[in-house]
Amino acid sequence: MNAIHQFFRRYIFSTVKIFLLFFIVNIALFLLVMFAGYMSGPRDSLSVETLAAHVTENHGIWTADETAQSLLREYNGWGMLLSENGEVVWEQNVPEELPRSYTSADIASFSRWYLQGYPVKVWAQDDGTLMVAGFPQGTMIKYYYALEAPYLVAIIVGCIVIFFFNMALMIFLVLRNTRRVEKAMTPVLRGIQNLSQGRHQPLDEQGELAEISAGLNRAGSALMKKDNTRAEWIRGISHDIRTPLSIVLGYASELEDNSGLPAEARQQAMIIRRQAERLKSLVEDLNLTTKLEYALQPLHPEKADLAEICRQAVSETLNSGLPGRYDISFCELCPGQPVSLFADAALLQRLLDNLIRNSIVHNPGGCHILVTTEKKEGYCVCTVSDNGVGMDSRQISALNRQQDISSTCDPSVGSEHGLGLKLARQIVKAHRGILQFGQNSPSGLTVTIFLPSADTAPLS
């Protein structure tokens with residue numbers, strides 16, 4: 001799954017989380033409101049059954065004890081007891097406007113509704129009497145509903161169906177909207193990815209994001225123009241400097257080999273030749289890294305032996321006149337085991353030359369350089385290490401993150417400002433390999449190159 005699909009997948013998941021949070025918050029608010037209503041209301045209510053138990057008959061006279069009277073005072077209520085005929089046989093604080101005799105229709109009405117606007121509670125006793133407890137108007141809400149079972153079931157099922165229908169509709173709308181956004185944003189995100197990788201593919205400047213697409217097209221065109229200008233400038237400089245540099249090298253070599261000149265003059269000619277050769281190598285590196293960056297350098301892969309390439313690189317370094325303060329050696333960690341791979345042998349040798357030269361340039365006081373090869377877990381592994389000054393952990397970490405760094409070498413000795421390491425990284429990347437930097441023990445730098453062996457698919 002690419003980064004664009006992952007982005008929209010996270011967008012959908014975040015929307016689902018928002019829905020879940022919405023329902024959780026609403027349920028929490030509903031429970032909070034219910035709790036607040038419970039806390040603001042009375043903890044209990046007047047029990048009509050309790051009130052009726054404290055109203056007794058004595059020789060045909062109904063009286064209420066102190067408990068019944070205190071209950072009515074506590075709840076600011078009133079009470080009356082109706083006989084089987086609907087006559088009031090006992091009352092306490094009953095409003096004057098209420099009648100003292102009730103028919104069975106009246107009793108059926110106020111038992112489920114109101115008694116002339118007063119909310120009441122009723123309790124039928126075993127002796128046929130009916131205790132009625134009333135409360136001030138507006139202190140209690142009474143509703144009575146009677147629904148047939150099939151109708152109630154239909155309402156419940158209908159509510160459930162409506163709920164899930166709304167959920168499905170919301171999910172459909174979210175997915176549909178996400179799909180529209182994805183369809184509009186995918187070309188833009190892909191265009192941004194291409195720009196981050198140095199490529200530009202013009203976008204269609206239509207639709208809802210036409211302005212963004214147009215801006216990306218302008219940015220891409222400007223970036224490509226800038227890169228092309230830089231590449232052309234580097235190629236032009238490389239071409240223009242080649243002729244005068246060849247003349248400098250030729251005359252410096254003649255002066256160096258002229259036995260008729262004083263030793264000091266010949267020594268100065270040797271310094272000029274070496275610096276000119278370094279300048280030539282830098283120009284070649286600059287030209288090559290530009291070609292690799294813009295995919296202008298085609299690979300010519302063929303089956304090769306990494307050990308042989310390393311051996312040739314070490315030999316050329318020795319044959320080029322390595323100063324005595326430097327020592328270089330080559331070692332096969334698995335002697336007799338072929339370290340075969342498909343690669344451009346010339347580029348790999350250039351890679352090793354740069355890494356060896358990097359150890360020489362950055363250790364002017366001298367060092368021992370060790371080049372090793374081995375085969376490990378489907379990779380051909382080559383290591384170039386030295387026991388020189390090395391690099392600090394911050395620079396090594398930056399190199400392993402594929403960031404460009406300035407050279408650690410003093411400018412007076414011809415710093416290359418990390419160009420050789422950048423070129424090495426580009427060559428390894430072109431071969432689908434891995435380049436790792438580390439500190440050597442007890443001091444120095446170790447560069448490890450992992451390249452796919454010949455057992456894997458060859459480079460195309």
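Mentor: Let's begin with a term: buried means under 20% relative accessible area, exposed means over 50%, and partly exposed lies in between, using a 1.4 Å probe and protein chains only. Helices (H or I, at least four residues) and strands (E, at least two) are DSSP runs, numbered from the N terminus. The model is predicted: local features need pLDDT of at least 70, side-chain atom pairs count only at pLDDT 80 or more, and totals for chains, interfaces and linings use all residues. Residues are numbered from 1 along each chain as its sequence is written, and side-chain values use heavy atoms, leaving out hydrogens and water.

Trainee: Which residues of H10 are buried?
Mentor: They are Gln395, Ile396, Ala398 and Leu399.

Trainee: Why is Asn363 called buried?
Mentor: Its relative accessible area is 4%, and the limit is under 20%, so Asn363 counts as buried. Asn363 sits in the loop between H9 and S11. Contact means heavy atoms within 4.5 Å, and, neighbours within four places in sequence aside, Asn363 is in contact with Tyr326, Asp386, Gly388, Val389 and Gly390.

Trainee: How do you know that S12 and S14 pair?
Mentor: Two strands pair if DSSP finds at least two bridges between them. Strand S12 (residues 379-386) and strand S14 (residues 445-452) have seven bridges, in the antiparallel sense, so they meet the definition.

Trainee: What makes S9 and S13 edge strands?
Mentor: The open sheet of five strands has the order S9-S11-S12-S14-S13, with mixed pairing. Strand S9 (326-332) and strand S13 (434-439) each have a single partner strand, so one side of each is left without a neighbour in the sheet.

Trainee: Which residues have the most contacts inside the largest nonpolar core?
Mentor: A nonpolar core is a set of buried Ala, Val, Leu, Ile, Met, Phe, Trp, Tyr and Cys residues joined through side-chain atoms within 4.5 Å. The largest has 40 residues, and Leu348 and Ile449 have the most contacts inside it. H9 gives the most to this core, with seven residues.
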